[in-house]
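Q: Hi! Could you walk me through this one with me? I'd like to go over a few strands, a helix and some charged pairs.

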Amino acid sequence: MLRRALRILLILLLVPPVIATAIGWMVAPSFLHPVRRPLTPDLIREAGASFAHTGAHREDFPVTAPDGAELRGWKVRPRSPNGCWVLLFHGVADNRVGAIGQSEILLRAGYSVVMMDQRAHGESGGAMATYGWLERNDTRAVVDALVASEHPAHIFALGESMGAGIALQSAGADARIEAVIAEAPFASLREASYDYAGLQEYPLLGKTLFAPGAWIMLYRGGKLAGFPAAGVSPEQSVAERNFPVLLICDEADTTLPCRHSKKIYAAARGPKSLWMVPGAFHTAALGFAPEEFQRRVLEFFWRAAKVPRS
């Protein structure tokens, strides 16, 4: 009886990791190729109505990435520009219009904005998404083009989810980005993989029984894409360069829970603050607390513009 019980226990302990490993191997290519949300005429009309409401004007902003990928986006100027520009970064499987609510707040306050489709998203090219590994170089090309054409007084960034992680990594690699607001960022690809392995509900399972699935997914994905998954880490980026960061954590977020923002906050070397939004789901702070969101965003960028450049 004891031997049988031990055999059953061993099977129960071994089967989940084996199944998780097989699933991780199979799904590895999919996280490199997220579903592409097309920039439809309806979305363009929605954006146009939003810009008209704030008195803003948009123009196409094509940029060629260092690897030759064609990036597509908009430069949007408010009625009364204050000389500062904000790079807006959307989430995974979305496009530039996903940041339209944030753009309205900024445009009304006089900030000009850049709204790009990230590589492998929207109308932008690129064979696959790398969650910051190549995207930080894309951002450098965007900043190069922006500086050459607009001569901005200050450049800031605001990102959501995947975009928040890319914004932090971009700022870590380019000192021209002076400050970053990041809502629901991932601390690292490895840390995020535990949430996905745990079905976005049980991260402890993702770190234990299902951990082999997370490990093999990142390993195979990195091999297929040709980049080290361990190098995709906003947490590491904020530790490498001193720049102001406002982290927004949605308390009811199960996709990228607050522990990600807390890890980034702990690692950040520059001026930092963490806003935990009660009851908010993933990237829903603007919907749950619109007035507070606007106040914090504008106050953060106003203060950042007053800091002398290093």
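What follows is a short chat about this structure.

A: Happy to. This is a predicted model, where local features need pLDDT of at least 70, side-chain atom pairs count only at pLDDT 80 or more, and totals for chains, interfaces and linings use all residues. Residues are numbered from 1 along each chain as its sequence is written, and side-chain values use heavy atoms, with hydrogens and water left out.

Q: Great. Is strand β5 buried or exposed?
A: Strand β5 (residues 84-89) is mostly covered, with 6 of its 6 residues buried. Buried means under 20% relative accessible area, exposed over 50%, and partly exposed in between (1.4 Å probe, protein chains only). Strands (E, at least two residues) and helices (H or I, at least four) are DSSP runs, numbered from the N terminus.

Q: And which residues sit on each face of β5?
A: Cys 84, Val 86 and Leu 88 are on one side, and Trp 85, Leu 87 and Phe 89 are on the other.

Q: How many bridges join β5 to β7?
A: There are 6, and the two strands run parallel; strands pair if DSSP finds at least two bridges between them. Cys 84 stands opposite His 154 in β7. β5 also pairs with β6 (residues 112-116) in the parallel sense, over 4 bridges, and there Trp 85 has Ser 112 as its bridge partner.

Q: Which residues of α3 are buried?
A: In α3 (residues 100-108), they are Ile 100, Gln 102, Ser 103, Ile 105, Leu 106 and Leu 107. Gly 110, which follows α3, has a positive phi, near 100°.

Q: Switching topic: how many salt bridges are there?
A: The count is 19, taking a side-chain nitrogen of Lys or Arg within 4 Å of a carboxyl oxygen of Asp or Glu. One of them joins Arg 96 and Glu 123, with the closest N and O atoms 3.3 Å apart.

Q: Where do Arg 96 and Glu 123 lie?
A: Arg 96 is in the loop between β5 and α3 and Glu 123 in the loop between β6 and α4, so the pair ties together parts 27 residues apart in sequence. Arg 96 is buried at 3% relative accessibility, while Glu 123 is partly exposed at 46%.
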